[in-house]
Amino acid sequence: GCSAYLTPPGCQGLAPHHDDVCVFILQTEGSKHWRVYEPLDGHALPRTPSNDLPRNRLGRCLLQVTLQQGDLLYLPRGFVHEAAA
């Protein structure tokens, strides 16, 4: 499947969470700042997506990057992530 997310400038996208599938993010317009964290203990290859995760459950931040129009980011299954425009 394919999903599209529109995040107004200055707003948080989704709360920190992990997905049960690998995700490719293509920034089609504007920019968005991403933070990617290590998987939660016992959830390296989850079978279901997580609910919103509180900050005190987040592991070490592995990547902080701002995607610009045309940039692509790959998120392996189970890696916790969040984004803000």
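The following dialogue discusses how to read a predicted model of one protein chain.

Trainee: How many helices and strands does the chain have?

Mentor: In this predicted model, the chain contains 0 helices and 5 strands. Along the sequence the pattern reads β-β-β-β-β.

Trainee: What does the radius of gyration say about the chain?

Mentor: The value is set against that of a compact globule with the given number of residues. For 85 residues such a globule would have a radius of gyration near 12 Å, and the chain has 12 Å, so the two agree. The C-alpha trace spans about 35 × 30 × 20 Å along its principal axes.

Trainee: What share of contacts joins residues at least 24 apart?

Mentor: Among contacts between residues at least 6 apart in sequence, the share is 89%.

Trainee: Is P16 buried or exposed?

Mentor: P16 has 6% relative accessibility and therefore counts as buried. This residue is found in the segment before β1 (23-26).

Trainee: Which residues does P16 touch, leaving aside those up to four places away in sequence?

Mentor: P16 touches N51, D52, L53, R55, L58, V80, H81 and E82.

Trainee: How far apart are the mean positions of the positive and negative charges?

Mentor: For the 7 positive and 8 negative charges of the chain, the mean positions are 5 Å apart.

Technical notes:
Residues are numbered from 1 along each chain as its sequence is written. This is a predicted model: local features need pLDDT of at least 70, side-chain atom pairs count only at pLDDT 80 or more; totals for chains, interfaces and linings use all residues. Side-chain values use heavy atoms; hydrogens and water are left out. Helices (H or I, at least four residues) and strands (E, at least two) are DSSP runs, numbered from the N terminus. The radius of gyration is taken over C-alpha atoms; the globule rule is 2.2 Å times the number of residues to the power 0.38. Contact means heavy atoms within 4.5 Å. Lys and Arg count as positive and Asp and Glu as negative; His and the chain ends are not counted. The place of a charge is taken as NZ of Lys, CZ of Arg, CG of Asp or CD of Glu. Buried means under 20% relative accessible area, exposed over 50%, partly exposed in between (1.4 Å probe, protein chains only).
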